[in-house]
Amino acid sequence: MAYQNITASLSPEDIQEIKAAFATIQAKMPFLVTLSVEERRKLFKMGDKSLAFVNTSLTAAQSNRDILPASFDVDEFVRDYQLAATLTELLIKLQQLTEQVDDTLMAVGSEAMGSSLTVYDYVKTAAKKTPGLKTIAEQLGERFKAIKSKPAKTASDS
């Protein structure tokens, strides 16, 4: 569906239910970890190209247990592979949802910013004749002071 002006709201009950759904997701996956940058750097990465390699390795391990050392846990390998495949599927769904939330936030934020700029223009104009609006106009104008005070980029800055 093409983007159109967004007219929506979330009730406090809806927000609580969404947060509860997030909590349920986290509770269903108590094994989730948080890796440090260093830990992430050191780990093997299994992307799309590696999936076939891992799948073939798993089949080979299951079919040829006798060539593997007794300490190699084929059942754990199966669980790891199945969990990786499941998490990949869930991650794709989460990424799609995240993208939709991000795009909607950008669109509705733009709408709110456009309305705010309209209000700011009217407040600036009215502040010249209406008592009490000068302070509000100055407060609203703070948003643009940093932009105006930045030095212009010169060719040597690039």
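Let's start with Glu 142: at 47% relative accessibility, this residue counts as partly exposed. A word on that scale: buried means under 20% relative accessible area, exposed means over 50%, and partly exposed is in between, with a 1.4 Å probe and protein chains only.

Before going on, some ground rules. This is a predicted model, where local features need pLDDT of at least 70 and side-chain atom pairs count only at pLDDT 80 or more, while totals for chains, interfaces and linings use all residues. Residues are numbered from 1 along each chain as its sequence is written, and side-chain values use heavy atoms, with hydrogens and water left out.

Back to Glu 142. Which residue does Glu 142 form a salt bridge with? The partner is Lys 145, and the closest N and O atoms are 3.1 Å apart. By salt bridge I mean a side-chain nitrogen of Lys or Arg within 4 Å of a carboxyl oxygen of Asp or Glu. In general, side chains of opposite charge can pair when their charged atoms come close. Both Glu 142 and Lys 145 sit in helix 5, three residues apart, which is about one turn of the helix. Helices here are DSSP runs of H or I with at least four residues, strands are runs of E with at least two, and numbering goes from the N terminus.

How many salt bridges does the structure hold? Six.

Arg 79 and Glu 76 meet through their side chains, at 2.9 Å from N to O. They are three residues apart in helix 4, so about one helical turn separates them. Arg 79 is partly exposed at 45% relative accessibility. Glu 76 is partly exposed too, at 33%.

Next, Lys 124 and Asp 121. Their salt bridge has its closest N and O atoms 3.8 Å apart. Again the two lie in helix 4, three residues apart, about one turn. Lys 124 is partly exposed, with a relative accessible area of 37%. For Asp 121 the value is 42%, also partly exposed.

Now helix 4 itself. It runs over residues 74–127, 54 residues, which at 1.5 Å a residue should span 80 Å. The expected span is 1.5 Å times one less than the number of residues. The end C-alpha atoms are 75 Å apart, which agrees. Asp 73 caps the N-terminal end: a side-chain oxygen of Asp 73 lies 3.2 Å from the backbone nitrogen of Asp 75. Which residues of helix 4 are buried? Among them are Val 74, Phe 77, Val 78, Tyr 81 and Tyr 120.

On to the rings. Rings of Phe, Tyr and Trp (its six-membered ring) pair if their centres lie within 6.5 Å; planes under 30 degrees apart count as stacked, over 60 as edge-to-face, and the rest as tilted. By this rule there are two aromatic pairs. Phe 72 and Phe 77 have ring centres 6.0 Å apart and planes at 85 degrees, so that pair is edge-to-face. Phe 72 is partly exposed, at 37% relative accessibility.

Why is the pair of Tyr 120 and Phe 144 called stacked? Because their planes are at 20 degrees, with ring centres 5.5 Å apart. Tyr 120 lies in helix 4 and Phe 144 in helix 5, residues 133–149, so the pair ties together parts that are 24 residues apart in sequence. Tyr 120 is buried, at 13% relative accessible area. Phe 144 is partly exposed, at 22%.

Stay in helix 5 for Gln 139. Is Gln 139 buried or exposed? Exposed, with a relative accessible area of 55%.

Ala 20 takes us to helix 1. Ala 20 is partly exposed, at 39% relative accessibility. Phe 22 is in helix 1 as well, which covers residues 12–28. Phe 22 is partly exposed at 47%.

Key: A polar contact is a pair of N or O atoms within 3.5 Å; within protein, one must be able to donate a hydrogen and the other to accept it, and residues adjacent in sequence count only if both atoms are side-chain atoms.
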